[in-house]
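Let's take a walk through this fold together, from its surface to its sheet.

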Amino acid sequence: MTASKDKEEISTYKTQPAEILAIRDLTDDTRYFKLRCKDITMNKDFQYRPGQFVIFSLPGVGEATFSLSSTPTRRDFIEFGIRKVGSFTEALFKLKKGDTIDIRGPYGDGFEMEDLRGRDLIIVSGGLGAVPLRSVLLYIEDRREEYNKVFFLNGARSPKDMLYKRDFIAMNQRQIIDTHLAVDEDDTGEWPYNVGFVTQLIPKLGELIDSENTTAIICGPPIMYKFVIQELLKLNIPKDQILMTLERRMKCGQGHCGHCAVGGRYTCLEGPVFTYYDVQHIKELI
Amino acid sequence: MLSKIISRQDLPKLIDALTNDFLVIAPTYDKKVPTFSEVESSSEVEFDILFNEKLPMLPPKKVFLPAKQTVFKYNLIKGVTDSCDEISDAVTHNKNVVIFGVSPCDVSGVGVLERIFRDNYSDDVFLRLHDKTTIISVNCLDHCYENCFCETMSSNDPKSGYDVMLTEISKSKLIAVPNSDKGKKILRDYPELFSQISEKDSEAYIDALNLKNKNFKTEFLVEGLASHVEDSFESEIWKEFTEKCLFCGSCTFVCPTCYCYTVKEIVSVDLKDGERQREWDSCYFPEFALVAGDHNFRETKEQRFRYRYLHKFVDLPRRYNFEGCVGCGRCVTYCPANIDVRDVLKKIIGVM
């Protein structure tokens, strides 16, 4: 179950036990889970890239796919942000600190963070998109000197719906990354940051970035992509420098069950991270 | 190792000999439906299915990728009790498997599945069953029935994927051509059933293959099919067939190359034991592309109808250099709505 070993060696459904180190609520229906592989040697071997995902197995309940939300620059634990939406997550939410989950992975093609060195970065997140992008953000914070200007635009429906609010406010205060936190509607009347759609924040970045040397990384609900991509193209960001991570139903993570296929690509193998250039003509993409 | 001759009347003896050493799967009738099933003696095998040109309802994929397959069993306290390998070995009674009487199109179908399941992460569950199986194919010298269009899909002359190919060279004789070590072993291990090939037999074999070449006709050209299907994304043709389709998924289940599966959890009533199962899934089912939060990437019936064609005739050729169709015609035979895949493709190409 390691990326460092040849993937051919991975037995199809072989899982490894991971202990829940911590759980906390992120929103009403979303929780943070921190895990550590019980086998310490496995733990060291668990190499992954931001954007990759892991499959959880709960005997008696089934399997489900979750994006890694931690950064590989911080070893010995992995983190997830999980919304309760179905029977699997309902069972998962009943677990407590100290309980065990079987995991397999990591799967998928994540972000090539090394290739982005020296570039300006615009990271746009909406809703649950914050989960995989938190991995990117923390990675960048840990290796900030490797990147040029970095902007993070995060959108949520309302202050109470914002995932990782605590982390992101702290990130805003640290100012290692130029962080902009937006809510569509401020029902509290006390939101000290931006109010409005996250797309409205993009045009302002035009004068601050060097378009040719900028990479945008986006993840969010299906509706968000179209508008965000439009705004990014207006800034003349090259199509192959718009990276997006896509969601699909997945059962195996290994390119066999057929569910995640779109336009001849398997989201679990070639994705979930795609460049806009590669997928712009694919139908039924989002 | 040279090809050998086996007489038609010795085929039952071959089956009986094989049953001593292998788990043998051969064509039988199950409630009058031609079916591949486990046989204990040659008396159970329906040779007329082979020689009177009928295809078993389900292709040999049911051996490697069964409709329902336990991947592992567990006890909620003790953990995994039966591993995938143990279960797979128990299913075949710790024996190697012979599938007897596989038609060339089905050999091609197995080849498609093997490529897919060996690619990327090789799939232990499929390959453990596949790799212990010897495939004895029986050649077709003519279209087996009206729904067959294997020539169109270039699937009736597979170059690999079978271990022995039996071709009728006369009413009483077949030539056995081995195509792998497993195949050679069959010819070597039952020497009393196989005789040397004579010059006359060789000539008869060439005649049989020439006859085969002459008999098979192409119905339409698959050259450029991927582009045709891709360019017809917005075509009204999909709508026309979507209206007829019942979305029962039968075509996907009887298809030798449809491989999509879902994973299910089966738990005992006392909630102590359980097993994880793979089960055939169909892209015609509404939940196939449904994700958490009720977002469905293929929400409409038309999208789902079209997707099967896109996957078989665009995605697979572009990825693997073969179509996801071997022209066996099962989907035509078993479609309750009388949809003929050839009609769909011909309309797309513009020849109907």
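Chain A exposes about 11600 Å², and carbon and sulfur atoms supply 46% of that area (Shrake-Rupley method, 1.4 Å probe). Of its 286 residues, 57% count as buried, meaning under 20% relative accessible area. This is a predicted model, where local features need pLDDT of at least 70, side-chain atom pairs count only at pLDDT 80 or more, and totals for chains, interfaces and linings use all residues. Residues are numbered from 1 along each chain as its sequence is written, chains are lettered from A and ligands numbered from 1 in the order written, and side-chain values use heavy atoms, without hydrogens and water.

Chain A has 6 helices and 15 strands (DSSP runs of H or I with at least four residues, and of E with at least two, numbered from the N terminus).

Now to the sheet. In chain A, 7 strands form an open, mixed sheet in the order β10-β9-β8-β7-β11-β12-β15; strands pair if DSSP finds at least two bridges between them. β10 (194–195) and β15 (273–275) of chain A stand at the edges with a single partner strand each, so one side of each lacks a neighbour in the sheet. Strands β11 (residues 214–219) and β12 (residues 242–245) of chain A pair in the parallel sense over 3 bridges, with Ile217(A) opposite Leu243(A) in β12(A).

Two helices pack on this sheet, touching its strands (contact: heavy atoms within 4.5 Å; axes are lines fitted to C-alpha atoms, for helices over the stretch in contact, with angles from 0 to 180 degrees between N-to-C directions).

| Helix (chain A) | Strands touched (chain A) | Angle between directions |
|---|---|---|
| α4 (residues 165–174) | β8 (150–156), β9 (178–183) | about 140° with β9(A) |
| α5 (residues 222–234) | β7 (120–126), β11, β12 | about 170° with β11(A) |

Key: Buried means under 20% relative accessible area, exposed over 50%, partly exposed in between (1.4 Å probe, protein chains only).
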